[in-house]
Amino acid sequence: MERDEFIKSLGFGLALVCTGSCFQACGGKGNTGTPDPNPNPPGGGGGGSTASVNLGSQLLAVGDQATANGVLFFRIAAGDVSSSFVATEAVCPHQQGALVWKQALNKIQCQLHFSEYGTNGAVLQGPQNTTGSTRTLKIYSTAVNNGTLTATIA
Ligand code: FES
């Protein structure tokens, strides 16, 4: 291969790499305003993994919340039985804002664009006062065993 041909082939290869990177960056989910169809929790996601909190030190009072392994846990009633708790995604499906339980409002609320969800995961209000879109939150099944609340991430 001649030197000129070699340089031309390098330039073509470099152009392909740059184009691919640009398409990948432009095709990302960060700027579309559309919900991520499958935002698995960090460290969790798929395969029936679990996340747990210690009820001896966490979620002691109604309204308390904690996050573990990408799961938001909160207490909605007294008693250490699974029906006293809700376990859902810790980040918003819209653009990954942090989700928090607002006991006084009886809602899960995103802290980035303020989407609101019910305890069953239903969308009560979309991003920025319904000018965007999101999706229903995943609600994980929970079990209490020896003072530990465990959610199964299906
Ligand atoms: S990240 Fe936009 S509403 Fe939650």
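Glutamate 116 counts as buried, its relative accessibility being 10%, where buried stands for a relative accessible area under 20%, exposed for one over 50%, and partly exposed for what falls in between (1.4 Å probe, protein chains only). The structure is a predicted model, in which local features need a pLDDT of at least 70 and side-chain atom pairs count only at pLDDT 80 or more, while totals for chains, interfaces and linings use all residues. Residues are numbered from 1 along each chain as its sequence is written, and side-chain values use heavy atoms, with hydrogens and water left out.

The side chain of glutamate 116 meets that of lysine 107 in a salt bridge, with an N to O distance of 3.0 Å; a salt bridge is here a side-chain nitrogen of Lys or Arg within 4 Å of a carboxyl oxygen of Asp or Glu. Lysine 107 is partly exposed, at a relative accessible area of 23%. By this rule, the model contains 3 salt bridges.

Another salt bridge joins the side chains of arginine 75 and aspartate 80, at 2.6 Å from N to O. Arginine 75 is buried, with a relative accessible area of 3%, whereas aspartate 80 is partly exposed at 42% relative accessibility.

A salt bridge is also formed by arginine 135 and glutamate 89, whose closest N and O atoms are 3.0 Å apart. Arginine 135 lies in the loop between α2 (127–130) and β9 (139–145), and glutamate 89 in strand β4 (residues 85–89), so the pair ties together parts that are 46 residues apart in sequence; helices (H or I, at least four residues) and strands (E, at least two) are DSSP runs, numbered from the N terminus. Both arginine 135 and glutamate 89 are buried.
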